Amino acid sequence: MIKPYTSQQPVDDFGLLFADLKYSAALAATTDTTLTIPGAAQRYKAIIKVNANLVWVALNATAAVPAGTSFAATTSELVSDNNALCREVKAGDVLHFFTATATTNVSVVLYAVGPNN
């Protein structure tokens, strides 16, 4: 059985159940690395953590680091080693990860979201 996500869980992720769906990768520098969300449930909360450095993540689009010194539209969100990023994803979605620094470890843990959450 896939572990459910409970909406009353604290934001610091203390008290979460161990998930059945866990993925990790050591990212290569400047390489788009992808994870396709499995179809065991329709929707998930994806908890994304990195060990160090900065990682950019995008949903169903290539992730990239910022292109310049002024603000511009982007497909990516920043994940740092100081905090986890939690986003809802659907089965079949593809997460794209990108870092400028080699050997950056990324963890993605998936919790199923049911109709009551």
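## Surface and burial

The protein chain exposes about 7000 Å². Carbon and sulfur atoms supply 56% of that area. The model is a predicted one. The chain has 117 residues, and 33% of them count as buried.

## Fold content

The protein chain holds eight strands and zero helices. Read from the N terminus, the order of elements is β-β-β-β-β-β-β-β.

Contacts reach across the sequence. Take those between residues at least 6 apart: 80% of them join residues at least 24 apart.

## Strand β4 and its partners

Strand β4 covers residues 54–59. It pairs with strand β5, residues 76–80, in the antiparallel sense. Five bridges make up this pairing.

β4 is also joined to strand β7, residues 94–98. Here four bridges link the two strands, again antiparallel. A58 has a bridge partner in each neighbour: S76 in β5 and H96 in β7.

## The largest pocket

What is the make-up of its lining: nonpolar, polar or charged? Eight of the lining residues are nonpolar and four are polar, with no charged residue present.

W56 is one of the lining residues, and its number falls within the 54–59 range of β4.

Terms used. Residues are numbered from 1 along each chain as its sequence is written. This is a predicted model: local features need pLDDT of at least 70, side-chain atom pairs count only at pLDDT 80 or more; totals for chains, interfaces and linings use all residues. Side-chain values use heavy atoms; hydrogens and water are left out. On a 1 Å grid over the protein atoms alone, a cavity is a set of points where a 1.4 Å probe fits but cannot get out, and a pocket is an open set with protein on both sides within 12 Å along at least five of seven lines; lining residues have an atom within 4 Å of a point. Ala, Val, Leu, Ile, Met, Phe, Trp, Tyr, Cys and Pro count as nonpolar, Asp, Glu, Lys and Arg as charged, and the others, Gly among them, as polar. Two strands pair if DSSP finds at least two bridges between them. Buried means under 20% relative accessible area, exposed over 50%, partly exposed in between (1.4 Å probe, protein chains only). Contact means heavy atoms within 4.5 Å. Accessible areas come from the Shrake-Rupley method with a 1.4 Å probe; for residues, only the protein chains shown count as cover.
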